[in-house]
Protein chains: 2
Amino acid sequence: MLSRSQHDEDNLAPEACDGIAVLDEDDMNEPNLSNRNSQRPDPAFLFDLDGTLVDSVYQHVLAWREALEDLGIELAVWRIHRRIGMSGGLLINALLREIGRRVTQTEADRLARMHEEAYARLRPQVRALPGALELLTHLSRAEIPWAIATSGRPASASPMLDLLHLSPEIPVITRDQVERAKPDPDLFLAAAKSLGVSIRQSVVVGDSVWDLLAARRASALGVGFLSGGYGQDELEAAGAYRVYQDPTDLLRHLDEVGVRSAY
Amino acid sequence: MLSRSQHDEDNLAPEACDGIAVLDEDDMNEPNLSNRNSQRPDPAFLFDLDGTLVDSVYQHVLAWREALEDLGIELAVWRIHRRIGMSGGLLINALLREIGRRVTQTEADRLARMHEEAYARLRPQVRALPGALELLTHLSRAEIPWAIATSGRPASASPMLDLLHLSPEIPVITRDQVERAKPDPDLFLAAAKSLGVSIRQSVVVGDSVWDLLAARRASALGVGFLSGGYGQDELEAAGAYRVYQDPTDLLRHLDEVGVRSAY
């Protein structure tokens, strides 16, 4: 596993430093300076959706609570919160393991269906997070590639994408397009591939420790947001190179993660 | 401000250590050993209510979100979560300061009323936290004094107390009985007074950093629960001597906070 500082060196530090470097004579005489720079483009951004671009985590949490209780399973709400962002199947298994109960495939399917129904009722309350539209617009204008990678299925992701006024050319990778959802790296690997960028040149942005674990496993740089309700220490401990409050806060600090076209 | 280790020494370490101490000869010859011990009773417990004994934090959070939006104020849900447990007035002021808006007294009153209405709709979902009844029953049977101190008003606290099957002799201090709610220490000071115990002999148990700040200011020992959705590091940084998952977890570790009548 890469340490955070290794991550940093591999992916971003040289880029980030170029902007403030005092060039010595050797550098000044380097004939291919512009070429060399053009080989080090701004990083690409791979965004989680729920809790990162849209403010939907707490509604998802209460929708899972309702679905679980309908099946006669009482679980404290904070335990559900701490599992949000995983694939639905893993979430169900992890939660039930905590109360020492196993679930049949039929029950798991029913839980997933009931969660979707409960969430659909709460969905009208969900908004884009502050700065999400501005951040995505800025990246597009600066021609910095970005994509969305979510553990959600297309049916639940689609209304969230509408909140972001996404143009059709933006790649969106959903649960059904990969074998394994987070914390496996498949979603982010597929997102980088769809952009035609290297995963090692990519910044994964997410609100949960599962995003950051997936980022590490994919060898991408992980950046955390507080907007999903995790604390800063938890995100850092899970491997976040930097933690920002929300999309507005990242937009103001894009230079810290290696973007030359800062806001 | 006391460091955590000082706290520990002042309040609990001698008690907690007695149970496992190997007495040397001097100790064996101490004539008033039993008397000395009887002067050091088990600590009293002062419990927060929402998020500590009942699983109501996430419903409170979404009720505040709804109330704020009705007033045309859009705030990300995690910011509301991080303020829960403060007095309602402080919460409103703190949230609005973050978006650079001031609120009139009329607006604040309306917000508080709308929060109460929205919460009343979500209240049927709220359950006692795992182990809450067992913990309180154990303390009562062991004749360890305990009380509840909540920033809530009697109208919203009363249905929560019903979930705990509280007998009428248990002191419950609500917002209206003190001048200032958490993070001021008034609620916990009043709770200790109602039990006739010293606040320095008391353990304050809460799920939010505001409980722990109030505990410090009251010179009580603070113990944190993860059941309100804060991370362990946040609670420790706010001064928690120990952090447990929930009431069940504390019940299993009562000896760690100085209780001889362990479960």
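This is a predicted model: local features need pLDDT of at least 70, side-chain atom pairs count only at pLDDT 80 or more; totals for chains, interfaces and linings use all residues.
1. Symmetry of the pair. Chain B is superposed on chain A by a rotation of 180° with 0.0 Å of shift along the axis, and the RMSD is 0.0 Å. This is therefore the relation of a two-fold axis. Within chain B, the C-alpha nearest that axis belongs to Gly231(B), at 2.9 Å from it.

2. The surfaces that meet. Of the interface residues of chain B, 100% are also interface residues in chain A, so the copies meet through the same surface. The contact involves 28 residues of chain B and 28 residues of chain A.

3. Area buried between the chains. Chain B and chain A together bury about 2300 Å², with 51% of this on carbon and sulfur atoms. On the side of chain B, the residues that lose the most area to chain A are Tyr58(B), Leu62(B) and Trp78(B), which together account for 28% of what that side buries.

4. Polar and charged pairs between the chains. Between chain B and chain A there are six salt bridges and 14 residue pairs in polar contact, both residues being at pLDDT 80 or more. Three elements of chain B each give two or more residues to the side that touches chain A: α5 (57–70), α6 (77–81) and α13 (232–237). Of these, α5(B) provides the largest share, six residues. By class, this side of chain B holds 11 nonpolar, seven polar and 10 charged residues.

5. Two salt bridges to inspect. Asp246(A) and Arg79(B) are joined through their side chains at 3.4 Å, N to O. Glu69(B) and Arg127(A) form another salt bridge, with an N to O distance of 2.6 Å. The latter pair runs between chains, from helix α5 of chain B, where Glu69(B) lies, to the loop between α8 (105–122) and α9 (132–141) of chain A, where Arg127(A) lies. Over all chains, the count of salt bridges is 22.

6. Domains of chain A. Domain 1 of chain A comprises 35–56 + 127–257, and domain 2 comprises 57–125. Their C-alpha centres are 24 Å apart. In the contact between them, 20 residues of domain 1 of chain A meet 17 residues of domain 2 of chain A.

7. Area buried between the domains. The two domains of chain A bury about 1600 Å² between them, 50% of it on carbon and sulfur atoms. Ser56(A), Arg127(A) and Trp210(A) supply 31% of the area that domain 1 of chain A buries against domain 2 of chain A, more than any other three residues.

8. Polar and charged pairs between the domains. One salt bridge is found across the interface of domain 1 and domain 2 of chain A. Arg82(A) and Glu234(A) form a salt bridge as well, and their closest N and O atoms are 3.0 Å apart. The interface of the two domains of chain A also has 12 residue pairs in polar contact, both at pLDDT 80 or more. On the side of domain 1 of chain A that touches domain 2 of chain A, helix α10 (residues 154–163) gives the most, with three residues. By class, that side has seven nonpolar, six polar and seven charged residues.

Technical notes: Residues are numbered from 1 along each chain as its sequence is written. Chains are lettered from A and ligands numbered from 1 in the order in which they are written. Side-chain values use heavy atoms; hydrogens and water are left out. Copies are superposed by least squares on the C-alpha atoms of residues with pLDDT of at least 70 in both. Contact means heavy atoms within 4.5 Å. Domain bounds come from an automatic or database domain assignment. Buried area is the accessible area (1.4 Å probe) that two parts lose on being put together, summed over both. A salt bridge is a side-chain nitrogen of Lys or Arg within 4 Å of a carboxyl oxygen of Asp or Glu. A polar contact is a pair of N or O atoms within 3.5 Å; within protein, one must be able to donate a hydrogen and the other to accept it, and residues adjacent in sequence count only if both atoms are side-chain atoms. Helices (H or I, at least four residues) and strands (E, at least two) are DSSP runs, numbered from the N terminus. Ala, Val, Leu, Ile, Met, Phe, Trp, Tyr, Cys and Pro count as nonpolar, Asp, Glu, Lys and Arg as charged, and the others, Gly among them, as polar.
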